[in-house]
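Here are my notes on this model, as numbered points. Please read them with the structure open.

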Amino acid sequence: MKQLDIELIRFEKLKHVKFLVNRIQHRQEHIHNEFEFFVVLRGSGVAKIKSHTFNLKEGDVYLINSGEVHSYARIPADEIISNKNKDSAPLFLFAQISNHCLREYFPQIRTTVFNSCNLADYLSSEETKEVVKLLVESAKLYFTEQDYYPLRILSDISKVLTICYNKVPYEIISEAQKNNLKQKNLRIERIISYIDANFETQIRLQDLAEQENLSPTHFSHLFTSLFGVTFQDYVNIKRMEQCIRLMPNKEKTLLEISYESGFSDPKYMNRMFIKHFGYTPKEYRRRVGMEQVEIKQVIHETETIYSVTDSVNALSEFEEKYR
């Protein structure tokens, strides 16, 4: 059974702070207990944070709150085909910060819940550039280990957090509220795991509602509030992803793909393809043509964590471009 990925972050080099440069094709839904800032160093893609979907572009900087479900992906496979863009996977700088960081001086950080967001929605252009500059410079210090780099990084992180506390909406929650958030995340994990394990069958909302000891109506409203789409729309998205995975296999007929993806009626799969791509599954398969290898890469490649040298080079290129 596919599980929601609970990421355990290890702070090998610097207590409470970690940086990495990562090129991502697809990173499934996951959670961790740390705050996460990320800068899009190159390319474009999509991030889903809780129930919100964000279109990412180069130079963006985002804040993800502790304990919130999120995922990353490159642009959709059909857009790669139409745009002939073979190297569109976005390159990220991630800064992961423990909610115990600096708590000796500011204990509220442990129970702070920020609005996860594109920081440009709350900061001025100058403030946004300042945050990006601080994160990129801190990351270079982290990778190169220059003199006094722990002090310099903690100083920069303090500045970033101060800017966020001044401008980004947040609340300080109680320990009881924090435990409630933990229980909420466990419920999300159960729901995602159940759907991933059963979307190829005739999965029913009622079965999940019973699992969560909720009425179907209550569960339906809860699901939409958590994921931003209806239960049926979410299941159909999973089935469409499965269809795309199976399409390059010419040994499978469209009827077989339909059934193996959970569509009991091939006509329903046709309607979904027309809705999402503007053409039928048959035409989609024809359009893939010579791009089958690239489509397989979109689906199966996940992420590439850069080496120290490649990370520093990527950060320097970004700095030079946005200086």
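1. With which side chain does the side chain of Tyr 72 make a polar contact? The partner is the side chain of Glu 36, at 2.6 Å. A polar contact here is a pair of N or O atoms within 3.5 Å; within protein, one must be able to donate a hydrogen and the other to accept it, and residues adjacent in sequence count only if both atoms are side-chain atoms.

2. Basis. This is a predicted model: local features need pLDDT of at least 70, side-chain atom pairs count only at pLDDT 80 or more, and totals for chains, interfaces and linings use all residues. Residues are numbered from 1 along each chain as its sequence is written, and side-chain values use heavy atoms, without hydrogens and water.

3. Tyr 72 is buried, at 2% relative accessible area (buried means under 20%, exposed over 50%, partly exposed in between; 1.4 Å probe, protein chains only). Beyond four places in sequence, Tyr 72 touches residues including Phe 38, Ile 64, Phe 92 and Phe 94 (contact: heavy atoms within 4.5 Å). Ile 49 is 23 residues away in sequence, yet 8.9 Å away in space, C-alpha to C-alpha.

4. The sheet. Six strands form an open antiparallel sheet, ordered β11-β7-β4-β9-β2-β13. Pairing requires at least two DSSP bridges between two strands.

5. Seven bridges join β2 (residues 17–24) to β9 (residues 91–97). Lys 18 stands opposite Gln 96 in β9.

Conventions
Helices (H or I, at least four residues) and strands (E, at least two) are DSSP runs, numbered from the N terminus.
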